[in-house]
Amino acid sequence: MSETQQLKTGQLSDAALLEFHFFMRLSREWELRFEKLFRTGAVAKWYSAVGNEAITVPAATCIEAGDALFTLHRDSGAILRYYLDVEELLPGRVPVSQPRRKPGVASGELFYRLACQVLGAAAGFSEGYERSYHYNVIDADAELIHVGMISHLGAMIPVAAGAAFALKRRGSDRVALNFIGDGGTSTGDFHEGLNMAAVLRAPLILVIENNQYALSTPVRQQYAAESLAARAAGYGIPGARVDGHDAEAVWAEVGRAVDRARNGEGPTVIEAVVQRLRGHSEGDDSHLLFSEEDRKAALELDCLRTFEGKLVERDLVSRDYLDDIRETCARLVLEVADRALASRESEPEAGERPIYAD
Amino acid sequence: MPTEALDDRTSTYLEAIACALREEMRRDSRVFLMGQDVADYGGVFKLTQGLKDEFSEDRVVNTPIAESGTIGMAVGAALLGERPVVEIQFADFVSCGFNQLVNVAAKMYYRTQLSVPLVVRLPSGGGVGAGPFHSQNVEAWFLHVPGLKVVAPSFAEDAYVLMKAAIRDPNPVLYVEHKYLYRREKGLLPRPQDVSDESLSRVRAGARVVRSGDDVTVLSYGWMVHRCLEAAEALSAQGVAAEVVDLRVLAPLDDETIARSVKKNGKVLIVHEAPLTGGFGAEIAARISEHCFEHLDAPPRRLAYPDTPVPHQRPVEAESLPNPTSIAQAIRELHKW
């Protein structure tokens with residue numbers, strides 16, 4: 001049993017907190033870099049995950065190799081956390097609480113292919129046939145099971161429940177972690193998927209990243225219920241509402257849900273409420289519809305700044321360390337993005353893409 | 001037991017499907033069934049009766065009334081390498097799971113080169129006064145979608161072989177099974193030594209000439225093949241030789257066999273039970289016009305259900321369905337060209 005697992009019901013270790021920080025910062029720098037590239041026209045479309053790091057990174061920390069991850073478009077934090085081994089990227093620099101991947105699976109290669117993917121390059125996971133995070137990578141040897149965004153949103157949930165059910169059928173204790181937004185909770189598949197997962201006791205953890213807007217539509221025009229977590233009661237499963245800016249709180253809730261799922265106790269819904277900082281996608285103006293109150297709140301609620309403040313306050317790190325990690329992450333991202341961009345210069349011509357598996 | 005083939009392997013169309021399911025479940029532990037009432041109840045047509053007792057409820061999974069949830073779960077399980085077979089209670093209800101099929105399952109391989117080995121069984125068709133919500137032939141909805149395979153067996157032996165091929169195929173396969181044929185159509189199931197591994201391993205384009213003739217080609221699938229054969233038999237006494245081609249697999253379509261017969265006879269009738277407009281006959285007629293035009297002696301002709309829902313009144317339904325008389329009439333008219 002890994003250290004992180006042992007700690008689930010208690011406090012996070014210092015090492016785990018620093019690891020969170022590294023991946024939250026890496027995700028932030030990733031976002032900032034590709035946002036810039038979007039503005040140059042090098043990226044087709046960009047949906048900012050800035051502000052979601054305190055949900056995605058801790059949640060993905062609760063799963064391991066062999067567990068299945070289902071993500072949407074603001075989940076770079078979860079993807080980076082699930083794919084990468086910090087020790088491989090930066091030997092000796094950041095404490096490691098838990099080895100991420102099996103030995104032999106190159107984090108660097110996954111990092112590079114992810115950059116190629118969001119740039120639409122041929123070396124990306126979908127070989128340029130799919131945009132941004134709409135791709136899958138399932139590698140049995142690497143115990144990597146990642147299903148990327150299905151744009152019909154709620155449609156992800158039954159698929160994730162089915163993957164969870166398959167893992168259970170095999171007698172393993174592996175689980176599926178599925179992210180959905182507040183918008184996706186209004187689809188029929190949200191109901192069908194969760195209900196079936198509950199009836200079949202599929203080991204599914206559904207994390208709702210409630211950023212309070214479906215594109216431009218505020219939650220008051222989306223649902224009349226007090227909370228989305230409260231819906232869990234209707235399926236006979238636990239639901240929890242948590243502050244999505246609080247990495248430790250998210251980690252504790254998701255950790256409990258993962259434990260339940262591994263113990264055969266079925267699915268859990270976790271609603272992590274977060275303030276959306278940006279438009280729906282970069283380049284749209286939906287954020288102009290935010291209420292004055294929401295806009296003010298957004299300025300004050302930067303989960304990464306809050307988290308870094310806590311680390312300094314607890315005397316875990318210095319400001320110099322934080323600057324150093326920021327610069328290091330920015331460099332890692334810059335390098336990988338540049339390599340991915342360069343790969344587009346010499347791509348093979350796209351051949352005929354088969355529609356059927358052979 | 002309806003799911004056991006008789007010793008001499010004479011079986012109904014329904015038993016042929018059940019027999020294939022049972023044999024594939026014995027052969028491969030990844031194969032499992034999902035659907036409404038499929039476990040203890042054996043499905044509303046009793047096709048899966050006895051399977052839960054043999055294979056346990058982990059492999060014959062009752063689902064809530066949730067077609068989208070069920071197909072979506074099957075896609076998720078298939079992505080991880082399982083081999084789910086979903087029973088949609090009536091093909092009419094697959095509309096509730098449409099998105100999971102046409103957007104999630106069908107496009108998965110093209111998008112990500114990951115296969116979705118999934119079978120969705122669609123008990124289809126009318127002829128029994130089941131009315132607008134329980135009589136439809138919905139295959140054309142899906143034939144417009146790249147990435148899905150669609151089979152529509154007419155005979156018990158094909159129902160058996162195509163179910164095995166559908167289960168072993170790494171792609172999503174819609175298995176269009178005709179309710180009218182369930183207990184009326186009987187045939188001799190092939191013995192293992194009579195079927196090549198190749199034909200069982202994948203759903204491949206494969207039309208079959210089920211009656212030879214040198215005057216008019218008749219293309220059909222499902223129940224209507226039987227009616228086309230009746231019409232051809234009646235016409236032979238009048239000196240008209242109709243060649244009946246059972247398409248069997250609609251996607252991918254066997255263009256070669258179609259073209260060979262059409263080029264030989266120069267006259268072609270396409271018969272299906274689904275409504276005329278936008279039906280699969282339109283696509284076949286278009287392909288023939290494009291690729292066999294210089295061989296045609298008459299315009300390709302279609303005979304199909306009128307563009308209306310299927311009514312409950314049996315006489316109205318019976319009159320609307322293509323039947324041996326109307327098929328024979330259409331063949332005669334083509335023959336006169």
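Where is the place of A:Glu143 in chain A? A:Glu143 sits in the loop between strand 2 and strand 3 of chain A, helices (H or I, at least four residues) and strands (E, at least two) being DSSP runs numbered from the N terminus. Phi of A:Glu143 is near 55°, a positive value in a residue other than glycine.

## Basis of the report

This is a predicted model, in which local features need pLDDT of at least 70 and side-chain atom pairs count only at pLDDT 80 or more, while totals for chains, interfaces and linings use all residues. Residues are numbered from 1 along each chain as its sequence is written, chains are lettered from A and ligands numbered from 1 in the order in which they are written, and side-chain values use heavy atoms, with hydrogens and water left out.

## The two chains

Chain A has 12 helices and 9 strands, and its C-alpha trace spans about 60 × 55 × 45 Å along the principal axes. For 358 residues a compact globule would have a radius of gyration near 21 Å, and the 19 Å of chain A agrees with this; the radius is taken over C-alpha atoms, and the globule rule is 2.2 Å times the number of residues to the power 0.38.

Chain B has 12 helices and 14 strands. Its radius of gyration is 19 Å, close to the 20 Å that the globule rule gives for 337 residues, so chain B is as compact as a globular protein of that length. Along its principal axes the C-alpha trace of chain B spans about 60 × 45 × 45 Å.

## The interface of chain A and chain B

Taking contact as heavy atoms within 4.5 Å, 35 residues of chain A are in contact with 45 residues of chain B. The two chains bury about 3,300 Å² between them, 63% of it on carbon and sulfur atoms, where buried area is the accessible area (1.4 Å probe) that two parts lose on being put together, summed over both. On the side of chain A, the residues that lose the most area to chain B are A:Arg169, A:Met196 and A:Tyr356, together 21% of what that side buries.

Across this interface the rule finds 3 salt bridges, each a side-chain nitrogen of Lys or Arg within 4 Å of a carboxyl oxygen of Asp or Glu. B:Arg111 forms a salt bridge with A:Glu130, the closest N and O atoms being 2.5 Å apart. Strand 2 (136–139), strand 3 (144–147), helix 7 (156–169) and helix 8 (188–199) of chain A are the elements that give two or more residues to the side touching chain B, and the largest share, 9 residues, comes from helix 7 of chain A. By class, that side has 21 nonpolar, 6 polar and 8 charged residues, with Ala, Val, Leu, Ile, Met, Phe, Trp, Tyr, Cys and Pro counted as nonpolar, Asp, Glu, Lys and Arg as charged, and the others, Gly among them, as polar.

## The two domains of chain B

Chain B is divided into domain 1 (10–204) and domain 2 (208–335), with bounds that come from an automatic or database domain assignment. The C-alpha centres of the two domains lie 26 Å apart, and 29 residues of domain 1 are in contact with 26 residues of domain 2. These domains of chain B bury about 2,200 Å² between them, 59% of it on carbon and sulfur atoms; in domain 1, B:Gly129, B:Leu143 and B:Phe155 lose the most area to domain 2, together 21% of what that side buries.

The count between domain 1 and domain 2 of chain B is 2 salt bridges, and the side chains of B:Arg248 and B:Asp158 meet in a salt bridge with an N to O distance of 2.9 Å. Helix 5 (139–143), strand 6 (149–151) and helix 6 (156–168) of chain B each supply at least two residues of the side of domain 1 that touches domain 2.

## Other local features

Over all chains, a search of the whole structure finds 44 salt bridges. A:Asp302 forms one with A:Arg28, the closest N and O atoms being 2.9 Å apart; this pair links distant parts of the chain, 274 residues apart, with A:Asp302 in the loop between helix 10 (292–300) and helix 11 (303–313) and A:Arg28 in helix 2 (residues 14–40) of chain A.

In chain B, the peptide bond from B:Ala251 to B:Pro252 is cis, with omega near 0°, and B:Pro252 lies in the loop between strand 12 (249–251) and helix 9 (255–265).
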